[in-house]
Amino acid sequence: MKTAKNFFVLTSTAAALLLASGGALAETKNAEFHVTIRIKPVCEVVTNTGGAPTQDAVSTAAAADIDFGEYFSNHNSNVDGESKGSASNAIAVKCTSGTPYQIALTPTTDNNNAGGGSMNGLNGAAGSKIAYSLYQDSGRSKAWGDKEGVNTLTANGSGFTNYTHYPVYGRVLGNQLDKPAGRYTDKVTVAVIY
């Protein structure tokens, strides 16, 4: 029995020494897991249109709308116009930061990638058209096309804090104005491709 008692004492003593030395009996096993999120790119576009014009008036033209004004039919010089919002409003775009995007403009009447469209006559001018062109620059040298990668405006997203504004510049050639009196109008679709 003496042997068993000594064994017990030695074992208890060994355990006490091991615990006193900082828990040498404890072991650490490691494992891992992942935390993730995926941000998907998105763009928003606002044009703030004032609404469709009537025979007698432009319905409170706003932001992206272009009103070329009023001219007599014998006017033979080019007529320039730009979006009402100018650089401070016009087409407004927000895109995920760093996301490349393109802006394409498609007139309802024509889509020729050279920025061209036609305004249709209302009432007494019905059946007549006045051609116009849309541009990305005030010098009217860079046409604004309607297909991805062809004359589209290209930019990168800067996040959702503020909109980036893009004015639209238009031109009606002087030889287009010898038409029946009346209001002429067209609608342009803005597409943001990203």
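## Exercises on a predicted model

In this predicted model, confidence is lowest in H1, with a mean of 52, and highest in strand S9 (residues 169-172), at 95. Over the protein the mean pLDDT is 82, and 76% of the residues reach 70 or more.

### Exercise 1

Determine whether strand S5 is largely enclosed or open, and find its partner strands.

**Solution**

Step 1. S5 covers residues 116-121. Of its 6 residues, 5 are buried, so the rest of the structure largely encloses the strand.

Step 2. Strand S6 (residues 129-135) is joined to S5 by 5 bridges, and the two run antiparallel. Within this pairing, Met119 is placed opposite Ile130 of S6.

Step 3. Strand S10 (residues 184-185) is also antiparallel to S5, with 2 bridges between them. Here Gly121 has Tyr184 as its bridge partner.

### Exercise 2

Classify Ser118 as buried or exposed, and list its contacts beyond four places in sequence.

**Solution**

Step 1. Locate the residue: Ser118 belongs to strand S5.

Step 2. Compare its accessibility with the cut-off. Buried means under 20% relative accessible area. Ser118 has 10% relative accessibility and therefore counts as buried.

Step 3. List the contacts. With neighbours within four places in sequence left out, Ser118 touches Thr109, Asp110, Lys129, Ile130, Ala131, Tyr132, Thr185 and Asp186. Among them is Ile130, the residue of S6 that stands opposite Met119.

### Exercise 3

Find what Ser133 contacts beyond four places in sequence, and state the C-alpha separation of Ser133 and Arg171.

**Solution**

Step 1. Ser133 is a residue of strand S6, which pairs with S5 through 5 bridges.

Step 2. Apart from neighbours within four places in sequence, the contacts of Ser133 are Gly115, Gly116, Tyr169, Gly170 and Arg171.

Step 3. Along the chain, Ser133 and Arg171 are 38 residues apart, while their C-alpha atoms are separated by 5.4 Å.

### Exercise 4

Identify the surface patch that includes Val42, and classify the accessibility of Val42.

**Solution**

Step 1. Val42 sits in the loop between helix H1 (2-20) and strand S1 (43-46).

Step 2. Together with Phe160 and Tyr194, Val42 makes up a nonpolar patch on the surface. The accessible area of the three residues together is about 270 Å².

Step 3. Partly exposed lies between the buried limit, under 20%, and the exposed limit, over 50%. Val42 has 36% relative accessibility, so it counts as partly exposed.

Note on methods
Residues are numbered from 1 along each chain as its sequence is written. This is a predicted model: local features need pLDDT of at least 70, side-chain atom pairs count only at pLDDT 80 or more; totals for chains, interfaces and linings use all residues. Side-chain values use heavy atoms; hydrogens and water are left out. Buried means under 20% relative accessible area, exposed over 50%, partly exposed in between (1.4 Å probe, protein chains only). Helices (H or I, at least four residues) and strands (E, at least two) are DSSP runs, numbered from the N terminus. Two strands pair if DSSP finds at least two bridges between them. Patches are made of residues with over 30% relative accessible area and no salt bridge: like charges are joined within 9 Å, nonpolar side chains (Val, Leu, Ile, Met, Phe, Trp, Tyr) within 5 Å. Accessible areas come from the Shrake-Rupley method with a 1.4 Å probe; for residues, only the protein chains shown count as cover. A salt bridge is a side-chain nitrogen of Lys or Arg within 4 Å of a carboxyl oxygen of Asp or Glu. Contact means heavy atoms within 4.5 Å. pLDDT is the predictor's confidence in each residue, from 0 to 100.
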